[in-house]
Amino acid sequence: MSNFFMRSALIAFALWAVGCAQSRNADTLQAQGSDAFVRVQGNQFFVAGQPYRYVGVNMWYGAYLGSPKADIGDRTRLIKELDFLSAMGVTNIRVLGASEKSILRDAINPAINDRGNIQRDDILLGLDFLLVEMRKRNMRAVIYLNNFWEWSGGMATYLSWVKDGQIVDPSDAATPWPAFPIFTSQFYREPAAIALFHDYVKMITSRVNLISGEAYRDDPTIMAWQLANEPRPGHKSHSTPYLPSYYDWIKKTSDLIKSQAPHQLVSLGSEGTMGCLESVQCVMDSHKETGIDYMTFHLWMKNWGWYDAANPEATFETAQKTARAYIKQHVGFANTLGLPAVLEEFGLERDAGSFDPAVATTYRDDFYALVYDEIERNSAAGGPLVGSNIWAWGGFGKAQHSDYRWRAGDNQFVGDPPQEEQGLNSVYADDTSTIRLMTQHAKNLKR
């Protein structure tokens with residue numbers, strides 16, 4: 001073992017020991033009955049009477065890595081990832097719980113679901129394994145059940161199943177933006193597609209873990225079921241008249257989940273105003289009387305045109321100010337709604353937009369520091385901003401090709417989904433400066 005990896009292992013073990021000693025909530029998953037579940041009281045999360053605030057990660061591929069089949073699974077690596085994250089103080093993982101077999105170019109292959117039939121039950125076995133291992137480490141899962149975007153099949157694929165293969169592929173130059181969001185938003189108005197989706201929701205929320213023997217609905221490891229990843233109502237140039245269908249879908253899906261799994265929370269997966277027709281009213285109405293238990297929002301300085309990695313000197317400072325204002329705006333929404341808030345996606349490229357893990361993360365670290373400062377200040381003041389999940393955890397994975405592109409058959413998952421360069425926003429286990437920031441943030445939240 002190299003000196004670097006020996007040193008990293010020793011640091012990780014030391015941090016794990018410190019985290020165990022400092023945590024007042026280390027055994028909350030061992031509490032009895034309903035006390036073990038995360039609850040919402042006012043604008044805070046609680047478990048067994050104690051506040052639950054967290055530093056988390058997105059690891060969409062957790063169930064894939066947990067599969068017992070060698071073409072996608074690597075349980076040894078998954079255990080290593082969870083041990084490393086636990087040592088950092090990470091207690092929450094947002095994970096993909098559904099994928100649909102699709103003709104979309106950049107959709108993940110293999111997928112769990114094919115036109116309502118389970119194609120790869122081994123991926124659900126992988127989710128079983130992930131949940132069992134997370135529980136051993138007192139971690140909580142947020143499981144999202146659909147996707148507005150193409151990389152897991154998602155809503156566009158459901159539409160293709162009920163529309164004789166009709167689909168819009170965002171990778172197709174013949175259907176430029178905003179053709180994809182306009183097409184995909186038809187999902188909320190297509191009863192046959194929603195019915196197929198709701199069948200999947202009923203199946204997975206009633207699933208019995210084949211490793212633990214415990215029903216998912218009775219497992220406090222699952223903090224929340226999430227309707228979808230970034231479920232946009234469409235595009236602001238087109239979709240405002242269809243908002244009632246969007247709200248109706250939220251309400252009916254939330255009601256369904258709560259009828260199936262009454263002890264667990266329900267969240268929407270929204271980006272906030274940038275994913276809701278850039279409308280404050282859309283965000284508020286998505287959470288009012290729709291059964292959603294807490295507010296989510298995302299923050300993408302580069303994707304939304306605020307930051308240019310090729311010209312950071314001219315754009316980074318202004319982007320940071322805009323990002324801070326976006327956080328404060330959504331904290332204000334949560335205050336008005338009386339709900340907890342979680343910034344469940346935020347990320348940034350490495351310096352100069354590189355995908356190479358050897359390149360520094362100077363700007364990313366500064367961005368993370370801003371986010372964590374806002375969370376700590378708001379949480380210390382009793383505010384609603386009580387958790388976050390970075391996008392995304394790459395851990396011990398690595399890109400398989402020199403062009404950093406995903407290819408079917410790749411099983412070295414990183415945090416970036418198939419439509420993006422492998423390494424675009426991934427935080428790796430040897431990104432020591434970023435790991436240090438996250439670890440300190442976890443300690444600060446415990447204080």
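Q: Where is the place of Y64?
A: Y64 sits in helix α2, residues 62-65. Helices (H or I, at least four residues) and strands (E, at least two) are DSSP runs, numbered from the N terminus. This is a predicted model, in which local features need pLDDT of at least 70 and side-chain atom pairs count only at pLDDT 80 or more, while totals for chains, interfaces and linings use all residues. Residues are numbered from 1 along each chain as its sequence is written, and side-chain values use heavy atoms, with hydrogens and water left out.

Q: Is Y64 buried or exposed?
A: Y64 counts as buried because its relative accessibility is 1%; buried means under 20% relative accessible area, exposed over 50%, and partly exposed in between (1.4 Å probe, protein chains only).

Q: Which residues is Y64 in contact with?
A: Leaving aside neighbours within four places in sequence, Y64 is in contact with I72, G73, L96, S99, I108, P110, A111, I112, I123 and F413. Contact means heavy atoms within 4.5 Å.

Q: What separates the C-alpha atoms of Y64 and Y404?
A: They are separated by 20 Å, and the two residues are 340 residues apart along the chain.

Q: Turning to cysteines, which residues does a disulfide join?
A: The disulfide joins C276 to C282, with an S to S distance of 1.9 Å. A disulfide is a pair of cysteine sulfur atoms within 2.5 Å, and by this rule the count comes to one.

Q: Is the link of C276 and C282 left-handed or right-handed?
A: The link is left-handed, with -65 degrees about the S-S bond. C276 counts as buried at 1% relative accessibility, and C282 counts as buried at 1% as well.

Q: Which residues touch the most other members in the largest nonpolar core?
A: They are F187, W249, L299, V371 and W393, in a core of 117 residues. Helix α10 (residues 312-337) supplies the largest share of this core, nine residues. A nonpolar core is a set of buried Ala, Val, Leu, Ile, Met, Phe, Trp, Tyr and Cys residues joined through side-chain atoms within 4.5 Å.

Q: And what does F187 touch?
A: Not counting residues up to four places away in sequence, F187 touches N146, M155, Y158, L159, A193, I194, F197 and W249.

Q: At what angle do α7 and α8 pack?
A: Helix α7 (residues 191-205) and helix α8 (residues 243-260) pack at about 25 degrees, with their axes 9 Å apart. That makes α7 roughly parallel to α8, since angles under 35 degrees count as roughly parallel, over 145 as roughly antiparallel, 65 to 115 as roughly perpendicular and the rest as oblique. Axes are lines fitted to C-alpha atoms, for helices over the stretch in contact, and angles run from 0 to 180 degrees between N-to-C directions.

Q: Which residues make the contact?
A: The α7 side consists of I194, F197, H198, V201, K202 and T205, and the α8 side of W249, K252, T253, L256, I257 and Q260.

Q: A last topic: where is E271 found?
A: E271 lies in the loop between β10 (265-267) and α9 (280-287). E271 is buried, with a relative accessible area of 2%.

Q: What does E271 touch?
A: Not counting residues up to four places away in sequence, E271 touches E230, R232, F297, H298, W304 and Y326.
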